[in-house]
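Student: I would like to learn how to read the features of a protein model, one at a time. Could we look at one together, with the general idea before each case?

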Amino acid sequence: MDPSFSDMAKDASKPLVLSETKMALALRLGARILAGWQTTTEESATILMVSSSIILEALDGSLARIELESEQVQRIALLVDIDLCLRALFSNPENILGFMRMENNNPFFDGCSPIERILTGDLDTFCKTATHIRSLLTS
């Protein structure tokens, strides 16, 4: 059995072996989450470190196989973790899907939206953003 994506996000040090078919499915999941958050194709490509054409193939279901680097898989895992946290935090679909685009005056976000933080491209910032959102579950 493959590890869950949220488990991977919590412990990226564990080795992960996925087939190219499963990687394509994982990429499709990440692209769909980002589409739900109203990211552009280019923004999704930046976040997932693939081309815009790959994002479009993932979204339309025509991407059958792809080989992803470990950082790309970790980014998908973080997206899944954030999405699960948002679904646990909110019952309103507008908040679940809109939170990532909302300006946030919390000191961590400093007036930026969570998606703006993730779009910096820096994996450490992405991880810290996911950790901050996860911490909202216990506050």
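Student: With which residue does Asp81 form a salt bridge, and how far apart are the closest N and O atoms?

Tutor: Before the case, a word on the source: this is a predicted model, in which local features need pLDDT of at least 70 and side-chain atom pairs count only at pLDDT 80 or more, while totals for chains, interfaces and linings use all residues. Residues are numbered from 1 along each chain as its sequence is written, and side-chain values use heavy atoms, with hydrogens and water left out.

Tutor: The general idea is that side chains of opposite charge can pair when their charged atoms come close. Here a salt bridge is a side-chain nitrogen of Lys or Arg within 4 Å of a carboxyl oxygen of Asp or Glu. Asp81 forms such a bridge with Arg134, and the closest N and O atoms are 2.3 Å apart. Because Asp81 lies in helix 5 and Arg134 in helix 8 (residues 123-135), the pair ties together parts that are 53 residues apart in sequence. A helix, in this reading, is a DSSP run of H or I with at least four residues, and helices are numbered from the N terminus.

Student: At what angle do the axes of helix 3 and helix 5 cross?

Tutor: To read such a crossing, lines are fitted to C-alpha atoms, for helices over the stretch in contact, and the angle between N-to-C directions runs from 0 to 180 degrees. The axes of helix 3 and helix 5 (residues 70-89) cross at roughly 115 degrees and come within 9 Å. The contact, meaning heavy atoms within 4.5 Å, is made by Thr46, Ile47 and Leu48 of helix 3 together with Gln72, Arg75, Ile76 and Leu79 of helix 5. These residues divide into four nonpolar, two polar and one charged, where Ala, Val, Leu, Ile, Met, Phe, Trp, Tyr, Cys and Pro count as nonpolar, Asp, Glu, Lys and Arg as charged, and the others, Gly among them, as polar.

Student: How many aromatic pairs are there?

Tutor: In general, a pair of aromatic rings is described by the distance of the centres and the angle of the planes. Rings of Phe, Tyr and Trp (its six-membered ring) pair if their centres lie within 6.5 Å, and planes under 30 degrees apart count as stacked, over 60 as edge-to-face and the rest as tilted. The count by this rule is two aromatic pairs. The rings of Phe90 and Phe99 have centres 5.7 Å apart and planes at 40 degrees, so this pair is tilted. Phe90 is partly exposed at 24%, whereas Phe99 is buried at 9%. For Phe108 and Phe109 the centres are 4.9 Å apart and the planes stand at 85 degrees, so this pair is edge-to-face. Phe108, at 22%, is partly exposed, and Phe109, at 1%, is buried.

Student: What is the phi of Gln38, and where does this residue lie?

Tutor: Most residues other than glycine have a negative phi. Gln38, although not a glycine, has a positive phi of about 65 degrees, and it lies in the loop between helix 2 (20-36) and helix 3 (41-48). Gln38 is exposed, with a relative accessible area of 59%. Asp110 also has a positive phi, of about 50 degrees, and is placed in the loop between helix 6 (93-98) and helix 7 (114-118). At 64% relative accessibility, Asp110 is exposed.

Notes:
Helices (H or I, at least four residues) and strands (E, at least two) are DSSP runs, numbered from the N terminus. Buried means under 20% relative accessible area, exposed over 50%, partly exposed in between (1.4 Å probe, protein chains only).
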